[in-house]
Amino acid sequence: MLKHGGLVVRNMIPKDNDDPALGAFLAFLARDIAAHPERLSSLTGDLLAAVQKAANEAGDIDLNASLSADDE
């Protein structure tokens with residue numbers, strides 16, 4: 001886990017279900033943040049509002065649902 005100011009990066013996947021691609025990406029992200037903390041920026045109110053609007057418009061999403069034929 002890397003903690004820098006108010007940022008915490010942590011692998012939340014249980015050890016028995018490790019995803020090597022996700023683990024490698026999180027390790028890369030942690031190294032990059034440690035090497036270049038000046039690249040970090042705060043989440044702006046406008047960006048937060050846009051993300052919240054998009055999430056609200058998407059409605060409920062079942063992450064376990066099968067993809068449609070168009071999405072495969």
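This report walks through the fold, the salt bridges and a nonpolar surface patch of the protein above.

The model is predicted, so local features are taken only at pLDDT of at least 70 and side-chain atom pairs only at pLDDT 80 or more, while totals for chains, interfaces and linings use all residues. Residues are numbered from 1 along each chain as its sequence is written, and side-chain values use heavy atoms, with hydrogens and water left out.

**Overall layout**

Let's start with the fold. The protein has 2 helices and 2 strands, in the order β-β-α-α from the N terminus. Helices (H or I, at least four residues) and strands (E, at least two) are DSSP runs, numbered from the N terminus. Of the 72 residues, 4% are buried; here buried means under 20% relative accessible area, exposed means over 50%, and partly exposed lies in between (1.4 Å probe, protein chains only). The protein exposes about 6400 Å², and carbon and sulfur atoms supply 56% of that area. Accessible areas come from the Shrake-Rupley method with a 1.4 Å probe, and for residues only the protein chains shown count as cover.

**Salt bridges**

Side chains of opposite charge can pair when their charged atoms come close. A salt bridge is counted when a side-chain nitrogen of Lys or Arg is within 4 Å of a carboxyl oxygen of Asp or Glu. The whole structure holds 2 of them:

| Pair | N to O distance |
|---|---|
| Asp32 and Arg39 | 3.1 Å |
| Lys53 and Glu57 | 3.8 Å |

Lys53 and Glu57 both belong to helix H2 (residues 45–58), where they sit 4 residues apart, about one turn of the helix.

After H2 comes Gly59, with a positive phi near 70 degrees.

Leu43, Leu47, Leu48 and Val51 make a nonpolar surface patch of about 360 Å². Patches are made of residues with over 30% relative accessible area and no salt bridge, joining like charges within 9 Å and nonpolar side chains (Val, Leu, Ile, Met, Phe, Trp, Tyr) within 5 Å. Leu43 lies in the loop between helix H1 (20–35) and H2, and is exposed at 55% relative accessibility.
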